[in-house]
Each structure stands twice: as structure tokens, then as C-alpha cells.
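Subject: Structure handover

Hello,

Please find the structure below. My notes on the ligand site and the backbone follow it.

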Amino acid sequence: MQMKTKVLGVGYCLPDKILSNHDLEKMVDTDNEWIIERTGIRERRIVEPGGKNSDLSVEAARRALQDAKIDPLQLDLIILATASPDMPFPSTACIVQALLGAKNAAAFDLAAGCTGFVYALTVAEKFLLSPEVNNILVIGCDVVSSVIDYTDRNTCILFGDGAGAMVLGKSEGECGILSTSIGADGTGAGLLYMPAGGSALPATHETVEKRLHYLRMNGNEIFKFATKIVAQTTAELLSKAGLTYDDIDLFVPHQANLRIIQSAMRRMKLPPEKVAINLDLCGNISAGSIPVALAQHNEKHPIKNGANILMVAFGTGLTYGGAILRWGRD
Ligand code: UT7
């Protein structure tokens, strides 16, 4: 039997503070109805001042390790997908490694924006082919509020903070990752970016005054890209796994916009009970989006052994990708 990558445990962590559409009405020229109609979002969670990526990542990781019944010392690798690390270096994965006491684990951050979690899953699957690697912790976490311009109504209504984690191990059974697919179109790099703070434009008083340390986005172009790429990636994942739309038991899409999710549901003829949606209460958590939605869904409606789960994401880069996972811990 071919070796597969299986899920040993999942966990998530959201900040306590709620930022509602009504709160945003007081900050920018927007209204609750517009946000709900155009995005499906009602509120999002954001950290208090001083709250950081590693706070959320460590808590999500501890919950996933507990769920997996794995000691941090058993971890061989930690991959933290994020676009909002604690600081440019060291990697937040190393900070998390120390906080967990996972001293046997190598650790690195992975930058693929909102696609980061499925990129990290794909990388973890390849590492687990090695006889030297047995347990990997994958975290998707973003503190998007740290790079949001709360005077820009085009972006500030969309995003929230949070972390989701998954512990992965090896399986020779039927369950585990059935297919993965990742890709990028770097010609779209200018559609979602943060202009300053890197080597191209290091921080100066001027970059701060010009508000260049905040996320900028062309929402319409990303919307068009997203609907097309979600369809394309889904088709590729299903074909690699030898499955059809009818075989999908749970769809966990990137939680960017309800209209993008609904267009995929219509195409696949998926009823609402087969789709994990949390963007009404969490907004778009970027790399945390899929793992938080999956862990929350499993908490409310425990996923049955053998269920086929489809995950698809897209984001800055532009990046895109997904995975099909057969749930179960056999
Ligand atoms: O993880 C990847 C991250 N990015 C995304 O997923 C973004 C994908 N894109 C989207 O979700 C949508 O494009 C948005 C929600 C960002 C925008 O929705 P839209 O239906 O594409 O609206 P629009 O940008 O075409 O704007 C329509 C109107 C404009 O007014 P005019 O020019 O028609 O007078 C905007 O200025 O809505 C206005 N508008 C707003 N009105 C109230 C834009 N933002 C707001 C707002 N409140 N927050």
C-alpha cells in the first residue's frame, strides 16, 4: 500500500475582540448592508494592540497537538504559513518552536499569502515521503489587522486575524491526502501587495507618512482571477484523485467572498451542509482561513471517517492551490 499523509489533529485560535460591520461604519464610509451583500461578512476578530502572530499560532498548535496526542518533542518540522509574521526575521516558526519546546523540529515560515496553508500542506506531504520525517506541524496564521489601513474601505472590511493548525503523520491506510496542486502567476504581483518595508522600499519617515506599510488590493481583478482559478484547481485535484464532484463530502474554500464560494457551489451542485463557511463571523483570515474553517466545522459537525474534503485557495502572488484529503486517523 502506498504511504499517505494523514491528519493526526487540528486546532485553531481566534482573538477575542470582535470588529463588526457597525464598528466599521463609524470608521469609514461604508454600511452593514453593502458589506453583507457584496462579501457575506458580518464581523471579524482582530487582536488587541500588542497581539501578535506567535500568540495565536502557539495556541492553535497546542490545541492541534493535544488533539493529535503528540508531544512537541515528537515533531520533526514546523511550517508556518503567513504574510504577517511577528517580524521580518527570525521566522515566526522558530519563535513558535521555542514556545512549544519542540526542540527536535526544524522550522521555517512559508510566504504564499492566503494560499499559504495549502502550499504548506503540499510541502509537508513531500517531506513525509522521507524516512527521517514522521510528524509535521503545519500552521496557517495571519494578523492581517497589522497591515490594514483602517481608512481604506476597499480593504478594511474584508480581513480578520486568526490561526489554524494541523498535525500531520504517515498512513498506510485509506485515509490521508489524495491529491495536491499548487501554482502561481507572478504577473499579478501588483494586484495585492504591501509597497514598503522590504528591500525594495525600506521603512523611512516618508514611507510611513505615505501609508505604504499597508496592504493594497485591486479587488475586482482578484475576484475574476479567483472564480476562474477555483474551478480550474478543483478540476485538477479531482482528476488527480480519480474523483468527481459527487464524491466531495466537504468543501472548505478560502473564505474571501461568499459570492466566490457560491459560484463554486453552483458549479459543483454542492448543498450548504457540504460546505464549511465561517467568513460571516471571521472575514478573510488569509493563511488562517482554511485551517480555521476546517477545525471549526469539525468542532460543530464532527467529520466522519472516510469523508473526502476539498480545500481550494488563492491569494497574493498571485498564488493558488488546493488539496483533497480523505478524513480519518487509521
Ligand atoms: O484572499 C484574497 C484577497 N482578496 C479578495 O479576495 C478580494 C476579492 N474581491 C472582492 O471580494 C470584491 O471585489 C470586493 C468585495 C473587494 C469589492 O466588491 P465589488 O462588488 O467588486 O465592488 P467594486 O469594487 O466594484 O465597487 C463597487 C462600488 C464602488 O463604488 P462606485 O465606484 O460604483 O461608485 C466602490 O467604491 O462599491 C464601492 N465600495 C464600497 N461601498 C461601501 C467599495 N468598497 C465599499 C465599502 N462600502 N466598503
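Ligand site

Each of domain 1 (4–173) and domain 2 (178–326) gives at least three residues to the shell around the ligand; the domain bounds come from an automatic or database domain assignment. The model is predicted, so local features need pLDDT of at least 70 and side-chain atom pairs count only at pLDDT 80 or more, while totals for chains, interfaces and linings use all residues. Residues are numbered from 1 along each chain as its sequence is written, and side-chain values use heavy atoms, with hydrogens and water left out.

The ligand is surrounded by 23 residues, where near means that a heavy atom of the residue lies within 4 Å of the molecule. Thr 30, Arg 38, Arg 153, His 254 and Asn 257 are the closest. By class, the shell holds eleven nonpolar, eight polar and four charged residues. Here Ala, Val, Leu, Ile, Met, Phe, Trp, Tyr, Cys and Pro count as nonpolar, Asp, Glu, Lys and Arg as charged, and the others, Gly among them, as polar.

- Arg 38: a polar side-chain atom at 2.7 Å.
- Arg 259: a side-chain N or O atom at 3.0 Å.
- Asn 220: a side-chain N or O atom at 3.1 Å.

The protein buries 73% of the 950 Å² that the ligand exposes when taken alone (Shrake-Rupley method, 1.4 Å probe).

Helix H2 (32–39), helix H6 (153–156) and helix H8 (219–241) are the elements that give two or more residues to the shell. H8 supplies the largest share, four residues. Helices (H or I, at least four residues) and strands (E, at least two) are DSSP runs, numbered from the N terminus.

Backbone

Most residues other than glycine have a negative phi, and most peptide bonds are trans. The exceptions to note are these.

Phe 89 and Pro 90 are joined by a cis peptide bond with omega of about 5°; Pro 90 is in the loop between strand E4 (77–81) and helix H4 (92–100). A cis peptide bond also joins Gly 317 and Leu 318, with omega of about -5°, and Leu 318 is in the loop between strand E12 (308–315) and strand E13 (319–326).

Lys 69, although not a glycine, has a positive phi of about 55°. Lys 69 lies in the loop between helix H3 (53–68) and E4.

Regards

Terms used. A polar contact is a pair of N or O atoms within 3.5 Å; within protein, one must be able to donate a hydrogen and the other to accept it, and residues adjacent in sequence count only if both atoms are side-chain atoms.
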